[in-house]
Amino acid sequence: GYSQCLLSDISVSQIQTGIKVQGKLEWSVTITNKCPCVQKNVILNCTGFQSIERINPSLLRVSHGHCLVNAGQSIYGDQRI
C-alpha cells in the first residue's frame, strides 16, 4: 500500500539498568513504532551487537549483523518491544 511511515518512525532507545552481568553493564533497549500504521518485518543493522544474557528470539533474532524484531510480526502504532 501507500504507507505514510518513514524509517525515522522506528525509534531505538537504550538506558543502563544499573545491573552488572559478568562485570559488564546491562542495558535495556526499547524499539518503538511511532507511526500509526502497522510495521512488519522490521530489521535493524546491529553489527557489533553483543549480549551475555540470552535474548528471547521472538523479540530479537540476531543473524550476521542484522536483527529481526518481533519475529517479523506486526508492530502496531506506539507499540514498544
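**Entry 1: β3 and β5**

I started with the pairing of β3 and strand β5, residues 66–69, in this predicted model. The two strands run antiparallel and share three bridges. I looked up who faces whom and found N45 opposite H66 in β5.

**Entry 2: β4 and β5**

Next I went to the other partner I had noted for β5. Strand β4, residues 60–63, is joined to β5 by four bridges, again antiparallel. Across this pair, V62 stands opposite C67 of β5. The two strands make a hairpin with two residues between them.

H64 sits in the loop between β4 and β5.

**Entry 3: β1 and β2**

Strand β1 covers residues 10–21 and strand β2 covers residues 24–33; they run antiparallel, with nine bridges between them. I noted two facing pairs here. S13 has T30 of β2 as its bridge partner, and I15 stands opposite S28 in β2.

These strands form a hairpin as well, with two residues between them. In that turn I stopped at Q22, which has a positive phi of about 50° although it is not a glycine. Its place is in the loop between β1 and β2. Is Q22 buried or exposed? Q22 is exposed, because its relative accessible area of 68% is over the 50% cut-off.

**Entry 4: I19**

While on β1 I looked up I19, which is found in that strand. Setting aside neighbours within four places in sequence, I listed the contacts of I19 as K24, L25 and E26.

**Entry 5: the nonpolar core**

Which residues make up the largest nonpolar core? I wrote down nine: I10, I31, V42, L44, C46, L60, C67, V69 and I75. Nonpolar side chains tend to be buried together in soluble globular proteins.

I picked V42 from that list and followed its neighbours. Not counting residues up to four places away in sequence, V42 touches I10, C67, L68, V69 and I75. C67 had already turned up in Entry 2, as the residue opposite V62.

**Entry 6: the largest pocket**

I turned to empty space next. Rolling a probe the size of a water molecule over the atoms shows where such space is left. How much space lies in the largest pocket? I got about 810 Å³.

The lining of this pocket comes to 24 residues, and the ones nearest its centre are W27, V29, F49, Q50 and I55. β1, β2 and β3 (43–45) are the elements that give two or more residues to it. Of these, β2 gives the most, with seven residues. I also sorted the lining by class: 15 residues are nonpolar, five polar and four charged.

**Entry 7: the whole chain**

I left the overall view for last. From the N terminus on, the elements read β-β-β-β-β.

For extent, I noted that the C-alpha trace spans about 45 × 25 × 20 Å along its principal axes. The protein has 81 residues, and buried ones make up 26% of them.

I finished with contacts along the chain. Among contacts with a separation of 6 or more, 50% are between residues 24 or more positions apart.

**Recap**

I am keeping three things from today. The strands β1 and β2 are joined by nine bridges, β4 and β5 by four, and β3 and β5 by three. Each of the two hairpins has a turn residue with positive phi: Q22 in the one made by β1 and β2, and H64 in the one made by β4 and β5. The largest pocket takes seven of its lining residues from β2.

Terms used: Residues numbered from 1 in each chain as written. Predicted model: local features only at pLDDT ≥ 70, side-chain atom pairs only at ≥ 80, totals over all residues. Heavy atoms only, no water. Pairing = 2+ DSSP bridges. 1 Å grid on protein atoms, 1.4 Å probe; cavity = no way out; pocket = protein on both sides within 12 Å on 5 of 7 lines; lining within 4 Å. Points joined across faces, edges and corners; volume = space filled by probe spheres on them. Nonpolar A, V, L, I, M, F, W, Y, C, P; charged D, E, K, R; others polar. Core = buried A, V, L, I, M, F, W, Y, C linked by side-chain atoms within 4.5 Å. Buried < 20%, exposed > 50% of the residue type's maximum accessible area, 1.4 Å probe, protein only. Contact = heavy atoms within 4.5 Å.
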